[in-house]
Amino acid sequence: MNTPRHKRKQATSAASSNPKLPNSDITLSEDPASAIVDVPAVEVPELTAQEQSDRLHLERKVERAFFEAGKALAELRDRKLYRSTHSSFEEYCKDRFGYNRSRSYQLIDAAIVVDNLHKCPQIVDILPTAEGQVRPLTKLKIEQQQEVWQAAVEEAGGKVPTGRIVKDVVQQIIQRTQVPNTYQIGEVCQILAKDNPELRGKAGCWGIVNHVGEFSCTVKTWNGGYTVGLQHLKSYNYLPAECEQMRVICDRINRVYSSALEESVQKFLEMLGKLNRAYLTDLEEKLLSVLESEIKD
């Protein structure tokens, strides 16, 4: 039997006047936007002593990941544990970990720095958490590494400093302890390009000093001139006669390079530009002479 029309409306009206839906914490109102939702509070249990210990242990493992990687790479290299599958450590790191030579040695050098920081009794809790934070320290002496790290932590407000802060502190110390520039015009030096992207591709090249500044020298290499900081130069300590001989060789190589010959020729000239001896072999002299004869004046 169907319910009369007017009774059905009354039932609907009675239901809508109910302030709450059954089995719900939602209180209805005339304006749905102002409905009140009661969310029961969820109590989060405190960490137990064991859980706190586990958390700290795991956090330390994450922070020391680069350190452990560097230590492991150093042992793999020193014990030659790659020798059954690879002829060189560099090839092994590339195939096994996807690290190029530079990255592998960055991690190894960083691990050495962290070990040095551990030796300082004043450095207890605040230690590096990333390789980039210690990269600027790798060329410093142990005492300087410790001094810089402590100063960088202070600069960072007692927290682990960023790599930029560490680099700035290193630069301040270098400027404070800068030794006089003793290089002389005509001296033959090797370029050390590590950690200097502006010298990319020039690592190992030799050059002739043609200008001496307060903190840098301008050197002429096989393919041009570059201004290089003192920390990126190393003298070959050649005799004056050897320096003059290298100057002549440098001019000859530069003249051939400037003639824009084939790329294979430039590779040969680049090889000559990285010689660590003050002379050319007979074959090198013959090849350079042939190239010089090809240049159209």
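**Helix packing and a buried serine**

Author: Helix α4 (residues 89-97) and helix α5 (residues 101-118) have axes that come within 9 Å and cross at roughly 95°. That angle makes α4 roughly perpendicular to α5, a label for angles of 65 to 115 degrees; under 35 counts as roughly parallel, over 145 as roughly antiparallel, and the rest as oblique. Axes here are lines fitted to C-alpha atoms, for helices over the stretch in contact, with angles from 0 to 180 degrees between N-to-C directions. On the α4 side, F89, E90 and C93 meet R101, S104, Y105 and I108 of α5. Contact means heavy atoms within 4.5 Å.

A word on the source. This is a predicted model, where local features need pLDDT of at least 70, side-chain atom pairs count only at pLDDT 80 or more, and totals for chains, interfaces and linings use all residues. Residues are numbered from 1 along each chain as its sequence is written, and side-chain values use heavy atoms, with hydrogens and water left out.

The axes of α9 (residues 240-258) and α11 (residues 282-293) come within 10 Å and cross at roughly 45°. That makes α9 oblique to α11. The crossing is left-handed, meaning that the near helix is turned anticlockwise from the far one by less than a right angle. R252, I253 and V256 of α9 make the contact with E285, L288, S289, L291 and E292 of α11.

Next, a strand residue. S235 sits in strand β7 (residues 233-235). Helices (H or I, at least four residues) and strands (E, at least two) are DSSP runs, numbered from the N terminus. S235 is buried, with a relative accessible area of 16%; buried means under 20%, exposed over 50%, and partly exposed in between, with a 1.4 Å probe and protein chains only. Its side chain makes a polar contact with the side chain of E187, at 2.6 Å. A polar atom of the S235 side chain also lies 3.0 Å from the backbone nitrogen of N237. A polar contact is a pair of N or O atoms within 3.5 Å; within protein, one must be able to donate a hydrogen and the other to accept it, and residues adjacent in sequence count only if both atoms are side-chain atoms. Beyond its neighbours within four places in sequence, S235 is in contact with Y183, E187, V188 and C189.

Finally, the whole protein. The protein has 11 helices and seven strands. Of its 297 residues, 33% are buried.
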